[in-house]
Amino acid sequence: MSESVSEIYVLDDDVSVREGVASLIRSVGLKVRTFASTQEFLASLQKERPSCLVLDIQLPDINGFELQQELATKDIQIPIIFLTGHGDIPMSVRAIKAGALEFLTKPFDDEYLLEAIRNAIARESKVGQAQGSIAQRSCQDGTGTDLASRAMPHQAEIVLSPCHNGNGKQVRTSGEIIGQSLALRQILSQIEMVAPTDANVLILGETGTGKELIARELHRRSRRKDKPLVRANCACIPKELYESEFFGHARGAFTGAVKDRVGRFEAAAGGTLFLDEIGEIPLELQSKLLRVLQEKCYERVGEEMTRRADVRIVAATNRDLKKEVTAGRFREDLYYRLNVFPMKLAPLRERREDIPLLATHFVELSLRELGCPRPRLTRAGIETLQGYDWPGNIRELRNVIERAVIFAHGGALDFDLPAIDSSPDPTPTGPWLGDRADLEYLTDSEMQRLERENLFAVLEKTAWKIKGLDGAAELLGVKPTTLISRMGKMGLKRPS
């Protein structure tokens, strides 16, 4: 792709799916073109190439796997995300092994598809780079310094990339995981210990803390990394379809079962099964999952043949499963089966030192995905981000950054955050006024005088430069027009 906004192609013969996917992609600011047949799609490739192809497997003229092979034969390299229906999972696993980026089953989770598209765009932008080199990334230090080229995080191997924190100190990140906090370093240490084993891992943490990211890292660093990583969002599966989704079903097993279907356990054979939102599984169905974890075998619905479950289980939840067990909503024996190696992810408010690195990373991602002019991430902006509690954690931070990049138009990033409770401490600890230590308050006139003296000191420090990098407005964290207005009210003029 050029410097313009990335364009995504969607190929699906079902008009409702096709237009639904297109609408979702447009909602995040990306360009999209839709195709109902492979002929239309192949004809379009003669003019331009997309950043990503969202591809249905079952097409009327040629299936998606065959189209993938045809593109490979013609040496046309396009990141592909497969959308599969019931019974299509074995073919999509073959496609993954042949080089596809991701596959999702219908109905799919919108956030999963958007994340897969982001990964595809990131991978596409790496085409042409020398393989095997260690990617270098220069991170902005929060003072407005330009951001240098960054290594893409979506690689087959773990990339350790040097970055810098807000104080200019070099730090290191691992793969897609970015940060330098003690909490994050502890998680990386735990990943290093448990990833090479087949132990079940239970990832705990609030919504948006990156539980799926940790699951992907565990898979990439495991001996199963060349086999599939299959995801199942337990909160999105209808109650009556749990058994079919997990274990598959035989043709005729129930009304509507017109052909055999492979379940998630079979699709993940030899690899990793990521059970997201594990706390949402209905209590009456938890015993069936427990049996598979204990005996390593299962049967498809409507079939007597026993199959072996050769998978590594990584589960995640934002619930307190101990409390769920006490409340009778989660089986205690299943909890202990899953909780072999628990990993507790800290919320973003407990790792604020990671915010400058994450903000810089998301600015770069936004530039690649949205095609906006490069903005400035200022120290005042970083302090604003670090002063917020982030109830939505890293996911919320990314959304805030993307919105700010769109509105910045190449200028300084201005972050639209909910008001922070700045009510005074009901139990003051004592004097706070420096040389006025005998007082705990100031009159209005004294406040105005101090504000004027502070503003004058900043203007002197910047040689009365108001706009731009290192200008007074940027140091104070206000807009230049606001600063000029205050100067007029206070009668401040540059000495002649």
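Tutor: Let us begin with how helices are named: helices are DSSP runs of H or I with at least four residues, numbered from the N terminus. Please keep in mind that this is a predicted model.

Student: What can be said of the phi of D75, the residue that follows α3?

Tutor: The phi of D75 is positive, near 60 degrees. Likewise, α13 is followed by G371, whose phi is positive, near 70 degrees.

Student: Which residues of α3 are buried?

Tutor: The general idea comes before the case. An α-helix has 3.6 residues a turn, so residues three or four places apart point the same way. In helix α3, residues 64–73, the buried residues are G64, F65, L67, Q68 and L71. They lie on the same side of α3 because the arc they cover around the axis is only 160 degrees.

Student: How many of the 16 residues of α13 are buried?

Tutor: Helix α13 is mostly covered, with 15 of its 16 residues buried. Its length can be checked as well: at 1.5 Å a residue, α13 should span 22 Å, and its end C-alpha atoms are 21 Å apart, which agrees.

Student: How should I read a salt bridge, and where does R224 form one?

Tutor: A salt bridge requires a side-chain nitrogen of Lys or Arg within 4 Å of a carboxyl oxygen of Asp or Glu. The side chain of R224 meets that of D198 at 3.1 Å, N to O. This pair links distant parts of the chain, 26 residues apart: R224 is in the loop between α7 and β9, and D198 in the loop between α6 and β8.

Student: Is R224 buried or exposed?

Tutor: R224 is buried, at a relative accessible area of 4%, whereas D198 is partly exposed at 33%.

Student: What separates R291 and E295 in helix α10?

Tutor: These two residues are four apart in α10, and therefore about one helical turn separates them. R291 and E295 form a salt bridge, with their closest N and O atoms 3.1 Å apart.

Student: Which helix supplies the largest share of the lining of the second largest pocket?

Tutor: That helix is α5, with seven residues. The pocket itself has a volume of about 950 Å³. Of its 44 lining residues, G208, G210, L213, I394 and R395 are the closest to its centre. The lining divides into 18 nonpolar, ten polar and 16 charged residues.

Notes:
Residues are numbered from 1 along each chain as its sequence is written. This is a predicted model: local features need pLDDT of at least 70, side-chain atom pairs count only at pLDDT 80 or more; totals for chains, interfaces and linings use all residues. Side-chain values use heavy atoms; hydrogens and water are left out. On a 1 Å grid over the protein atoms alone, a cavity is a set of points where a 1.4 Å probe fits but cannot get out, and a pocket is an open set with protein on both sides within 12 Å along at least five of seven lines; lining residues have an atom within 4 Å of a point. Grid points are joined across faces, edges and corners, and a volume is the space filled by probe spheres set on the points. Ala, Val, Leu, Ile, Met, Phe, Trp, Tyr, Cys and Pro count as nonpolar, Asp, Glu, Lys and Arg as charged, and the others, Gly among them, as polar. Buried means under 20% relative accessible area, exposed over 50%, partly exposed in between (1.4 Å probe, protein chains only). The arc is that of the directions from the helix axis to the C-beta atoms. The expected span of a helix is 1.5 Å times one less than its number of residues.
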